[in-house]
Amino acid sequence: MKLKKQVTVCGGAIFCVAVFSLYLMLDKVQHDPARRQNTGGNFPRSQISVLQNRIEQLEQLLEENHQIISHIKDSVLELTDTGAISPSGHLPFRSNNGSWVMPFDGRPTFLSLRPRDCQFAQLRRGPTELQTLDVNSLLSFDNVDGGVWKQGFEITYEPGEWDDEPLQVFVVPHSHNDPGWIKTFDKYYSDQTQHIFNNMLVKLAEDPRRKFIWSEISFFAKWWESVDIHKQEAMRKLIQNGQLEMVTGGWVMPDEANTHYFAMIDQLIEGHQWLERNLGIAPRSGWAIDPFGHSATMPYVLKQANLTSMLIQRVHYSIKKHFAASRSLEFMWRQAWDQGSGTDMFCHMMPFYSYDVPHTCGPDPKICCQFDFKRLPGSRVNCPWKVPPKAIVDTNVAERANLLLDQYRKKSKLFRSKVLLVPLGDDFRYDKTVEWDQQFQNYQRLFDYMNSHPEMHVQAQFGTLSDYFNAVYKANDVAPGTRPPDFPVLNGDFFSYADREDHYWSGFFTSRPFYKNLDRVLESHLRGAEILYSLALAHVRHSGMESRYPVSDYSLLTEARRNVALFQHHDAITGTAKEAVVIDYGNRLLRALVGLKRVIINAAHFLVMKNRDVYRFYQSEPFLETDDRRATQDSLPQRTLIELDPNTPRYLVVFNPVEQDRLCVVTALVSSPHVRVLTEDGQTLPVQLSAQWSSALQVNAEVYQVSFMARLPALGLAVYHLYETADSPMTMRSETVMRMAPGTGAVRGLDPLPLRMQIADAQPFFINSQALSLGFSGTTGLLETIRRKDESQEMRVQFQFVTYGTRPSKDKSGAYLFLPDGRAKPYTQREAPVVRVVEGPLFSEVVTHFQHFQQTVCIHNVPGVEGLSLDVSVLVDIRDQANKELAMRVTTDIQSEDTFYTDLNGFQIQPRRYFHKLPLQANFYPMPTMAYIQDSQHRLTLHSAQALGVTSLDSGQLEVILDRRLMQDDNRGLGQGLKDNKKTLNRFRLQLERRPGSSRVLDSETLSFPSIISHVTSAFLNHEVLALPVVAKHGVPPLRTFSPLPTPLPCDFHLLNLRTIQSQDPQSPSPFTALLLHRKALDCRLEVQNLGFNCSTSHGQLSVSSLFRGLDLQLLQPTSLSLLYSGTPLANDSTVTLDPMEISTYKLKIC
């Protein structure tokens, strides 16, 4: 009864505090002008408007107070109704029903989502002429032979069609340079790319009519920084007079399937900032000829960066044919959520098979190849159609010009304007001087002939991409970027891509998953390092301590930005490069990761100092250690061991990279089982002590795992003390049960951790938390059921592992293609798996060891987001397999039928449909961060910490490919199979949500959004906390928690980046910082549970001036996404407003 009285008194006291807090909040609303809705400090003129604002604020505060009181009530009831009393009178303890009772968290939380902020997801959007999901439903995908245009149809025209309006032809020379594929980035540069630039300087200058476009700024920057000022000036002149255009302007031409939108945007910023700093230019047109399918995220990103037009190429050949037949190859690409036309981006889809010369002048590659003058007789490159090009001379120019014009006219019939785009180039073209002469001289003779014969009704010339787009806009009498009359509007994306037959490029969604995971780890570190560096630099400047801080760490940020950007290339993150090139990418990523960890620990060192006057930085003596280390670029991380000392505490600094407070379990490795963890103010925390396993049957006798529950400030750093002391009642030991078949082997326990052996049987077994009960198969050790604590009914959620082979025919799976030999077969092995069941007060887990993988399913016994989903990890090693692909399948009773949902780039959700008319491989899609299925009652989401391929082959199923080992090339140019597999850790969260009141009718729409819990779960998974031990054991100065935000951001806001802007010297920072904000859209129809932190929305409004504690805002200037276009600076006390799904960038000066 003593415990009950204590809890009741505690609850009553907190209730009183909450009521008093409400009084103070109401009083503050009455008197504090900062809480009033205003812009630039101006009050609304209408007294009614003032009253409405106050009433709305009061309603929200009442709702928040209701949430606080409900939380207190639930917590008190939970503690008093367990039916058990702690034998010692202390918490935590285990109750009669087997669940652990934890100390009461004295910081109640509330959830307040304003109704208007929930309406966006439910609003009806007007239909568009083109919706890719509907197009896929409509098409038969029959692949009928179209004649000379094999994948199309015969094109005819009337000779007089251009009599009134001549055909304008823009031939656009280009060279597609992969920053790594068959050769490494540096090898390509030295062998070919540098010669392209050097030739460009000479050959474009020979004739002002010559034009060229360039895309990959990574190569251009490398050349620019290697040449003298005279060559730089000559190149600048070519750009200024319009002969050379920089298209897109990103560091690379990124993949659009596996990339996360953070990295897509960051590589664009890196390229655009380089162009602005060195050339003073801003790209206007996007050029994406080689990514293997196209995402709807890219047009939004380009639109926000103020580009007006874009071009795409790799789209399924049946979709190209369909669009060509309806003259819909040029369209306005609109975001599915857009209620108007604000996101419209003019897009040109190339109609034919490839971007090489045989497939760009018109529908007949046999003829077009004759106009690729690099293939003239005597060249090492020839035409596969056995008819070579002819040099243009006076005796053949008429015949040649008419033959080419016929192709131009036929191609133009596929478009709505009498303006034609004809790219002229291929991979690494124009690296030899002779090709510049061959192409430009022969084409100029053709143009001169055409243009001097009015009866041909054509005006042909070299042009840039923007020359073409501007001519289209002019012909339609509209401003650049504006929808021409009668041009269609499209929603959706262009996955999955097939270039011929049933050859679907869905294998690269998973190829080389080790590096896909490493990329995501690196992105989180880059974002965290950017934020901490920007905050530290602002505080350093505020304190006048720049001379004592390692400001030079900025060079590490620059290097990391560029290496992460390089890996977004469409042959890097895709896993489709040669093995030696993959190693080069891996070394770059590892070097970037090491540098970012250094930036993080140096910034954290300064920010946690209680007295910054005693701050000293020594390059050779870091104050903090990194959280983990990787021995090589292809090895898994090893966590840092903290050597405990009985005579002095060890300090641990924990970084929370997300913009919300975070209640979570923090884990560290220590040298002693006798450990006690204290908060900064001396409060002892509950600790779960566990063994560290080095294999299925072997415990590491030198290392212990300590886990404790921590509440971390948003974007902040918390300080904890670790002591080696005698056993404390707050330090509890995990209980481990080994479930094994007889004769499997012996396991030696580790004192003082209890370990029990059990003969495996067919009976299911369970692990529990306060929120969930999980049932596992006694035979396989894999998850079978989930029951939420507030439901009596179990739900089938069954894991299964399956394998795909490759087809026996000539065409087989490879790095790009997925060509399976039929449906997957269940994974089997002769021996029964070794199953380890670990239970404790903070987490419980089941680890199942199979021959080729090890799966861990863990639940956390903490309130909030962390405790509402399953932490699932799969350690895969298929290095002894041949032509096998391992997949994880989740089977449920959810009636999802043929519909499922996948994310695009972690930015938006794209509904999918399983099409039985298509082969199995066509129904796989990229999953950068999540996929889900749902019916009217439930939604099951699989969150992912790495990009992988996913599908739903049957109702109630999700299936994800974990790794692929393929012994042959798939004939797409790589020349290798996938045989360099690594031991790879794939990480997931599995989340089951209720959908009260949802309707299947609404699910048939082309739009879907995650819930608030789902958004936060994805953020927690992809941005893990970093636990950084203080190196010194003695003489540690006083440390304190660093909490940079006075209040967390509205919980539908994501701080995408806080990026210190470069000065003119790219290795040093300017006084300015780029703030990138993304307001997420929420599906509020799903049941909302306690998130573990205060969550409220604000109608998209945010006061930037009060965003950072202890810093002054001196500039607030809206800019385009990549900072090239600046708006009028706002008053420093302005409130900025974002619409749902909007990404906005602001240039700040904070100090």
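Domain 1 (165-499) and domain 4 (754-1023) each give at least three residues to the lining of the second largest cavity, the domain bounds being those of an automatic or database domain assignment. A cavity here is a set of points, on a 1 Å grid over the protein atoms alone, where a 1.4 Å probe fits but cannot get out, and a lining residue has an atom within 4 Å of a point. The model is predicted, with local features needing pLDDT of at least 70 and side-chain atom pairs pLDDT 80 or more, while totals for chains, interfaces and linings use all residues. Residues are numbered from 1 along each chain as its sequence is written, and side-chain values use heavy atoms, without hydrogens and water.

The second largest cavity holds about 160 Å³ of space, a volume being the space filled by probe spheres set on the grid points, which are joined across faces, edges and corners. Its lining has 18 residues, and those nearest its centre are Asn136, Ile319, Phe495, Ser496 and Tyr925. At least two lining residues come from each of helix H4 (132-138) and S38.

Of the 28 residues lining the largest cavity, His260, Tyr261, Gly906, Ser1018 and Lys1080 are the closest to its centre. Among the elements that give two or more residues to this lining are helix H8 (261-279), helix H15 (513-543) and strand S38 (908-913), where helices (H or I, at least four residues) and strands (E, at least two) are DSSP runs numbered from the N terminus.

Key
On a 1 Å grid over the protein atoms alone, a cavity is a set of points where a 1.4 Å probe fits but cannot get out, and a pocket is an open set with protein on both sides within 12 Å along at least five of seven lines; lining residues have an atom within 4 Å of a point.
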